2 protein chains.
Amino acid sequence: MNTAPAPHTLTRPDTPFAVVDVHKALRNVERLARKADQLGVTLRPHVKTAKSLDIAALLHDGTPCPVTVSTLAEAEAFADGGYTDITYAVGIDPHKLPRVVALLRRGVTLRVLLDSREQVEFVVAAAREAGIAIPAQIEIDCDGHRGGLKPDAPELTAIGRILHDAGCLDGVLAHAGESYFAFSTEEQRLAAKNERDTAVAAAESLRAAGLPVDTVSVGSTPTAHAAEDLTGVTELRAGNYVFFDLVMAGLGVCQVDDLALSVVVTVIGHRPEYGWIVTDGGWMAMSRDRGTANQPTDQGYGLVTDLDGNLIPHLVMSAASQEHGTLTARDGATLPDLPVGTRLRILPNHACATAAQHHGYHIIDSSRPTREAPSIQAVWDRVSGW
Amino acid sequence: MNTAPAPHTLTRPDTPFAVVDVHKALRNVERLARKADQLGVTLRPHVKTAKSLDIAALLHDGTPCPVTVSTLAEAEAFADGGYTDITYAVGIDPHKLPRVVALLRRGVTLRVLLDSREQVEFVVAAAREAGIAIPAQIEIDCDGHRGGLKPDAPELTAIGRILHDAGCLDGVLAHAGESYFAFSTEEQRLAAKNERDTAVAAAESLRAAGLPVDTVSVGSTPTAHAAEDLTGVTELRAGNYVFFDLVMAGLGVCQVDDLALSVVVTVIGHRPEYGWIVTDGGWMAMSRDRGTANQPTDQGYGLVTDLDGNLIPHLVMSAASQEHGTLTARDGATLPDLPVGTRLRILPNHACATAAQHHGYHIIDSSRPTREAPSIQAVWDRVSGW
């Protein structure tokens, strides 16, 4: 569903706008698909980063695959696009159950997530009222990052039993959110092992209580790439990896060259007395995300490339207001000569946050080099809202 | 243009969603309108915060008034809504001049901003080619915050003369962006005086060179509220003040009770072992903006109220992932009992950034108290993109 044939190059649309290099995205997709194959698990990509049916079509040769979503708006859009195997990986708000039931009635296997008896009671009541099973996963806390029960929590089997008796128990899900702060390969491997061990322990607790567990789901972009053994796990989730970003590059999960998402901006001024180049790409275009501020190398609001994607050494987007970006030189380097009107691309800290600032993606393919600026192959929409 | 009649209360729409209390917004609007009257200047509100024709209708009793915009998408939407006096207050990117010319041809007085000879040459060439005057303001730097020329820069009169000769010189514009870091009333007064003095000095430089200056425009939300004397200034700009936010409350420009924008979220879990209440409102709903992190009191991702807007003491949204918010108690307070399914409102750090995460606003009016949750009077759209 390419919403607009776009015969232009990156020199044409008014800036700022988001660009996806489909060559890099596909390379990232294939890398993790191979990894999941090697580990013997189903890959269930999280579509919360791109939120795009067109980007998702890269995941599995254009055919619907199992996906994870972060909102019911994504679930509904993906259901409309023919996806029938969806996990909604945010703890369920009871008010949202009517939309869950409506998707199940359409034939979509939509799994919900929960970690409390209160939620279980709402889910079981909604299932009973609708006369339909609502497949539910119990969130397992592997690292104190967010929601979930510990695998040894007494609530776990109690909740599991109520779900099972209502025909709603699907399995367990863990997310190693703390792996975003694991700065060495070894720490990431340990985070992956811990995520797997915790999820499997929870599944074993349930099974020991006589409760069948179909799905044992784990994943985060760092742990998915670091995992070495997923015995007992049935599926792997990751989302950010399709685009990657400077946070992931800072963790060593990818190289800066793997970043598939960037934002095209235009130079609108110079303040040589302060060492600034001013662009028309501010935080509205990049988001306020400063994820690398907590990393050994703070990349400001992003690194800077030319329109072809070649990094401009030492240049960083160091400040942002709503519609202004400030580029400065690091390491005592002199500012490059970039006249007013020059277009640049900014590589973001956090792809999920930057993508959310845009209605869609201008698609380029860096495997097809051009003599002029990269051609825009298509403009792809994204889903937004809740 | 209320896009949907909405007979429900804040208990009904699926969370998260943005709410505007029209009573507070109107109170904020009237406060600055009185101030501008007292100062004897035209108020030219910046619509970049709300980006909504419906909210803008509050500014001037439903009739179009002079406005400032941050994108051409806003300019085009406001032109469609009957606004004919618009300043585009971001340094002009030459590629965007065709859209500027198109708006001028529609009869909209759209002023552009610039601070370099390069931009002047592009503007003058576009004006000559189109056979139309493009009214231009020269950006003046009053505090080293962003773009602009110093009032004593030799370039100033050179640029002014080229613009004047092409029939394009409209005036000068200054923005005291550093006033967002002025933590006392006295500092804000000094920032306002400096902004005024610098803009007027630039206008006088141009006039001394025989160049007529119609517009002398100044403003930021803090300086607009702090200004005591705007002699020589013709117009005052401010945007954030319609909604206000925790950054402005932290500066003392408003009270927390003045905040007109909030986000409704739902409790989806509890982690008593960590002291957390988990909600379905993460950074996707609030933005990544952490503006109060640089203030004496860091308000996390926001303060928390009940659905009626009463602050819940000591509770703060201290962490966020994409679709999860974490609420914690400060000052050693115990967490309030907020069961799964409870709806709350979060007051944001930065209204411009939080509003941008939403398609529109659910409108309530706290001057009409209700026995149940506040009624939704309307759902108002906002403009997005560039």
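## Relation of the two chains

Copies are superposed by least squares on the C-alpha atoms of residues with pLDDT of at least 70 in both. On that basis, chain B can be laid on chain A with an RMSD of 0.0 Å by a turn of 180° and a shift of 0.0 Å along the axis. That is the relation of a two-fold axis. The residue of chain B that comes closest to the rotation axis is B:R288, at 2.5 Å (C-alpha).

This is a predicted model, in which local features need pLDDT of at least 70 and side-chain atom pairs count only at pLDDT 80 or more, while totals for chains, interfaces and linings use all residues. Residues are numbered from 1 along each chain as its sequence is written, and chains are lettered from A and ligands numbered from 1 in the order in which they are written.

## The interface

Two residues are in contact if their C-beta atoms, placed from the backbone, lie within 7 Å. The contact takes 46 residues from chain B and 46 residues from chain A. Elements here are DSSP runs numbered from the N terminus: helices (H or I) of at least four residues and strands (E) of at least two. Two or more residues each are given to the side of chain B that touches chain A by β4 (85–91), α5 (117–130), β10 (261–271), α10 (283–286) and α11 (351–355) of chain B. The largest share, four residues, comes from β10(B).

Because 100% of the interface residues of chain B are also interface residues in chain A, the copies meet through the same surface.

## The sheet of chain A

Two strands pair if DSSP finds at least two bridges between them. Chain A holds an open sheet of eight strands, in the order β2-β9-β8-β7-β6-β5-β4-β3, with parallel pairing. Its edge strands, each pairing on one side only, are β2 (42–45) and β3 (67–69) of chain A.

Within chain A, strand β5 (residues 109–114) runs parallel to strand β6 (residues 136–140), and three bridges join them. A:L114 stands opposite A:I138 in β6(A).

## Helix α7 of chain B

Helix α7 (residues 185–208) of chain B has 24 residues. From its first C-alpha to its last it reaches 34 Å, close to the 34 Å expected at 1.5 Å a residue; the expected span is 1.5 Å times one less than the number of residues. Just after α7(B), B:G210 takes a positive phi of about 85°.

The buried residues of α7(B) (20 or more other C-beta atoms within 10 Å of their own, C-beta atoms being placed from the backbone) include B:Q188, B:A191, B:E195, B:V200 and B:L206. The buried residues of this helix pack against β6 (136–140), α6 (154–165), β7 (169–174), β8 (215–218) and α8 (221–226) of chain B.

Conventions: A residue is buried if 20 or more other C-beta atoms lie within 10 Å of its own, exposed if 12 or fewer, and partly exposed in between; C-beta atoms are placed from the backbone.
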